[in-house]
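Here is a short tour of one model, meant to be read with the sequence and the coordinates open beside it. Please take a look at the overall fold before going on to the details.

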Amino acid sequence: MAASAAVTTMKPGIPAAKPAPVSARRTFAFFCMVFGMFMAILDIQIVSASLSEIQAGLSASSDEISWVQTSYLIAEVIMIPLSGTLSRVLSTRWMFVISAGGFTLMSFLCATAGNIDQMIVYRALQGFIGGGMIPTVFASAFTVFPPEKRPVISPIIGLVATLAPTIGPTLGGYLTDLFSWHWLFLVNIVPGILVTISTFILVDFDEPNLDLFKSFDWAGLGFMAAFLGSLEYVLEEGPTNDWFQDELVLVLTIVCVVGAVGFFYRAFTAKQPIVDLRAFADRNFLAGSSFSFVMGIGLYGLTYLYPVYLGRVRGYSSLQIGETMFVSGATMFFMAPVAGILSRRMDPRVMMGIGFAAFAFGTWMMSGLTKDWDFWELFVPQIFRGVGLMICMVPINNIALGTLPPERIKNASGLYNLTRNLGGAVGLALINTVLNNRLDLHLQRLRENVNWGRSTAVETMDAMTRKFQALGADASTAAIKNLSNMVRREAMVMSFADVFLLLTVLFLALILALPFIKKPRAAASGGGGH
């Protein structure tokens, strides 16, 4: 997704893109690529609802199993900005063939992993190789198709980018329940082979420029890997390991800072930087990327919060969680054509306002959460979430990438997708930190009120003791343990409600920021919005 070397280094005779005409062959080739992107994004979340089954199958510890997700995310976040440079060097065709083929092979190896160490290595390679598909599709959408086609194409890639992580837990739950956890990876193989072959045969959007390898910034690549990889780990593991009290988190924070300094220095001084940060000089791109960052919080944060509540508080299985989460996915599917129609007729800032308002209303409804909420109580908030995601994603895509000149799209696409992933990582870190802090606070407050001096607490204890009288002398101990679990559950529900309220404030703040965004010029003007 990203990167890009200075455009001036490209050979004058090599076209960066051929926007017209769009033949049926090119359209079909593009949709094959979209399906490959769907698999790559889906694989982030498809495993999340079934980690306990993988843990049991590989005899892994609870500390080790989290690396099945973390290794994938770290590797993917490094490839996303790198893919812009690689697709210019290798061409869109070879970049995508290598990404799709490598992703398929690693999916097979993940399914055959015999221990947790093999799984972590294969997942990292799967994330790194497959991560190149995501920005390549975004770039192709804005270079292959003319502006008049974008009201159709934008909702499609927006739907895929948001629907895949949303239905991931649903599909993962079904596959694990009906077959086994191995099918979380085996399901990629046949589609992956078809996507690899079809893109090899059909994609002809541009030509390779191997001369760019001569000035490839290897130092910049090393600094970027250290910076983004360490950042992703710190954000993933920091909340659960008490941040800098954990030695590895502290060390990788230092590595992240050093990597960031080196990366930004190389980005502004190298002849052909790994990532061309000058795209952020474009006001539209900067605004779109900023909102994409917050969209990452909404997309990945809520995809995380709902299953955690349903699992920890309601005790749902992975299949039940998946069935409940399907509401958002179905809503997004039906909203995609609506978003396309609105993008033709409405100011993108107004669309984003409607989308963030829907987001905010859904999270505000969730701030009234209780321990008894299940499918039907979550039904309407999830509908608002699905509506908000689709209504926001299309104008954000168009604002960020729709007015850039074709030769800058590959680099900008990487940076744009990176902001969404980093938004998700930062959002999850903040959500986990707030959850833990508010849980401690609510536990302390509830415990102050559940003591021998309060008649309600004493009456409840007596009733529970009588309930467990079959245990004899242990009845009182069982009652205390049961009451303690009730207090902890209520504190947990209250902390979830606090997080939803915080997200409501965030989305409302974004609505207030919209009037300060400059209305983008029409993409048809060919301008870059500089």
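About 21,600 Å² of the protein chain is accessible surface, and carbon and sulfur atoms account for 66% of that area. Keep in mind as you read that this is a predicted model. The chain has 530 residues, 56% of which count as buried. Its secondary structure amounts to 19 helices and zero strands.

Which residues make the nonpolar surface patch of about 550 Å²? They are Trp94, Ile98, Ile193, Ile197, Phe200 and Ile201. Two elements each give two or more residues to this patch, namely helix 5 (92-111) and helix 10 (189-202). Helix 10 provides the largest share, with four residues. Ile201 is located in helix 10.

**Two helices side by side**

Now turn to helix 8 (residues 150-178) and helix 13 (residues 283-312), which pack with their axes 10 Å apart and at an angle of about 10°. Angles under 35 degrees count as roughly parallel, and helix 8 and helix 13 are therefore roughly parallel to each other. On the helix 8 side, the residues that meet helix 13 are Ala161, Thr162, Pro165, Thr166 and Pro169. Their partners in helix 13 are Leu299, Tyr300 and Thr303.

| Residue | Relative accessible area |
|---|---|
| Thr504 | 5% |
| Ser91 | 2% |

Thr504 belongs to helix 19 (residues 475-513). Is Thr504 buried or exposed? With a relative accessible area of 5%, Thr504 is buried, because buried means under 20%. Which residues does Thr504 touch, leaving aside its neighbours within four places in sequence? Thr504 is in contact with Ala360, Thr363 and Trp364.

Ser91 sits in the loop between helix 4 (67-90) and helix 5. Its backbone is worth a look, as Ser91 has a positive phi of about 90° although it is not a glycine. Ser91 also counts as buried, at 2% relative accessibility.

Conventions
Residues numbered from 1 in each chain as written. Predicted model: local features only at pLDDT ≥ 70, side-chain atom pairs only at ≥ 80, totals over all residues. Heavy atoms only, no water. Patch = residues over 30% accessible without salt bridge, like charges linked within 9 Å, V, L, I, M, F, W, Y side chains within 5 Å. Areas by Shrake-Rupley, 256 points an atom, 1.4 Å probe, with all protein chains shown as cover. Salt bridge = Lys/Arg side-chain N within 4 Å of Asp/Glu carboxyl O. Buried < 20%, exposed > 50% of the residue type's maximum accessible area, 1.4 Å probe, protein only. Axes fitted to C-alpha atoms, helices over the stretch in contact; angles between N-to-C directions. Parallel < 35°, antiparallel > 145°, perpendicular 65-115°, else oblique. Contact = heavy atoms within 4.5 Å.
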